[in-house]
Amino acid sequence: MEVKIENSKAQMRKGVLELCVLSIIGNEEAYPSDIINKLKSSKLIVVEGTLYPLLNRLKDSALLEYQWKESKVGPPRKYYKMTSMGQDFLEGLRETWNELNTAVSAAQSLESVATGTNLDVIDVIKVNV
Amino acid sequence: MNKTFNINLGGYPFSIDEDAYNYIQEYLHTIRNHFSTSESCDEILLDIEVRMAELFQEHLKGRMIISMKEIDEVIAVMGKPEDFGAEAMGEHKSYYSKRQRKAIPINTGKRLFRDPDDKKLAGVCSGISAYLGIHDPVWVRLFFLALIFGAGVGPIMYLAIWFMVPEAVTASDKLSMRGEPSTVENIAKVVEEEISGLGDKINKWTKDFSKKKKSKSKGYY
């Protein structure tokens, strides 16, 4: 399949979305539109249509649980909270993110070092993936 | 002036304009297709509908009917199908006209009946001519005669049609035979025709009767 920039970008975003969503939910209860707003303020733009299936998947995998709460202004709302399994999952994702972060920074800085040996890059990537 | 539909999103009732209704139907249908492979498809759709209900309430701001304006606003928040990986829908305009073409009811369809008011034998020919829109059934009768003398299949065809095609009994039947819609006015017309037809027949009988009387009485002299 042809490599298109839009697809690659979408893949990158998709990969980090779970991490961001779980981080935002954190230790509190969150309502989907709150999550969206916080994502927006963090400059990660998603539409609500992306969020609902993701939240459902996380709930089905027991990483999230929800509660119905009555709302004065309309239909009752689902408020999502992380389970303890979810907390562990988040920890795991955070670790990998930190590793990738380091690796990507290292790989990018290697670019500017014209005389850097290729071996360094391969070592860095091997350890962190 | 527009037609309004009553819908419910996730159990919450709304009144909605016709073109907005067609659009949102297609939107939800497209989304449902996209999520149909997931086990939680129904749940996801319900979450989406409930959220849309909430958004519509906000965006209506006290107005009563959802129009394309609110649809555009709410879909901007929810995302177009292609924004979360589904197939894109058609454009508003072309979509609407496509739907409109599908929605036009065919109420001038005719049904084939045998016409009891204008029959020589069984009303087969007059029924056929009503269906085809031929004003004078004589052409159809001549056609059948030609068939009988020409190919010999005429009688059998005639009998088959006599057997299979129902007689137009009710006013509604007679209307659909001629291809007119069964509205209250039209039915009243048919009944009037029948009454005046009956009136003519009665006149005819009384004339005949008095003629016979006269001729009888003449005969005595």
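Biologist: D42(B) sits in helix 2 of chain B, where a helix is a DSSP run of H or I at least four residues long, a strand a run of E at least two long, both numbered from the N terminus. Why is D42(B) called exposed?

Modeller: This is a predicted model, in which local features need pLDDT of at least 70 and side-chain atom pairs count only at pLDDT 80 or more, while totals for chains, interfaces and linings use all residues. Residues are numbered from 1 along each chain as its sequence is written, and chains are lettered from A and ligands numbered from 1 in the order in which they are written. A residue is exposed with 12 or fewer other C-beta atoms, placed from the backbone, within 10 Å of its own, buried with 20 or more and partly exposed in between; D42(B) has 12 and is therefore exposed. D42(B) and R32(B), 10 residues apart in sequence, are 8.2 Å apart in space, C-alpha to C-alpha.

Biologist: Which residues of helix 8 of chain B count as buried?

Modeller: In helix 8 (residues 171-178) of chain B, the buried residues are K174(B), L175(B), S176(B) and M177(B). After helix 8 of chain B comes G179(B), with a positive phi near 85°.

Biologist: What makes helix 1 of chain B roughly parallel to helix 3 of chain B?

Modeller: The axes of helix 1 (residues 18-35) and helix 3 (residues 68-78) of chain B come within 9 Å and cross at roughly 25°, axes being lines fitted to C-alpha atoms, for helices over the stretch in contact, with angles from 0 to 180 degrees between N-to-C directions. Angles under 35 degrees count as roughly parallel, over 145 as roughly antiparallel, 65 to 115 as roughly perpendicular and the rest as oblique, so helix 1 of chain B is roughly parallel to helix 3 of chain B. D19(B), A20(B), Y23(B), I24(B) and Y27(B) of helix 1 meet M68(B), I71(B) and I75(B) of helix 3, a contact meaning C-beta atoms, placed from the backbone, within 7 Å. These residues comprise 7 nonpolar, no polar and 1 charged (Ala, Val, Leu, Ile, Met, Phe, Trp, Tyr, Cys and Pro being nonpolar, Asp, Glu, Lys and Arg charged, and the others, Gly among them, polar).

Biologist: Why are helix 2 and helix 3 of chain B oblique to each other?

Modeller: The axes of helix 2 (residues 41-60) of chain B and helix 3 of chain B come within 10 Å and cross at roughly 130°, an angle that falls among the rest, and the two helices are therefore oblique. On the helix 2 side the contact includes I48(B), M52(B) and F56(B), and on the helix 3 side V74(B) and V77(B) are among the residues. By class this contact has 8 nonpolar, 1 polar and 2 charged residues.

Biologist: How many residues of chain A are in contact with chain B?

Modeller: In chain A, 12 residues are in contact with 19 residues of chain B, and helix 3 of chain A gives the most to that side, with 7 residues.

Technical notes:
Contact = placed C-beta atoms within 7 Å.
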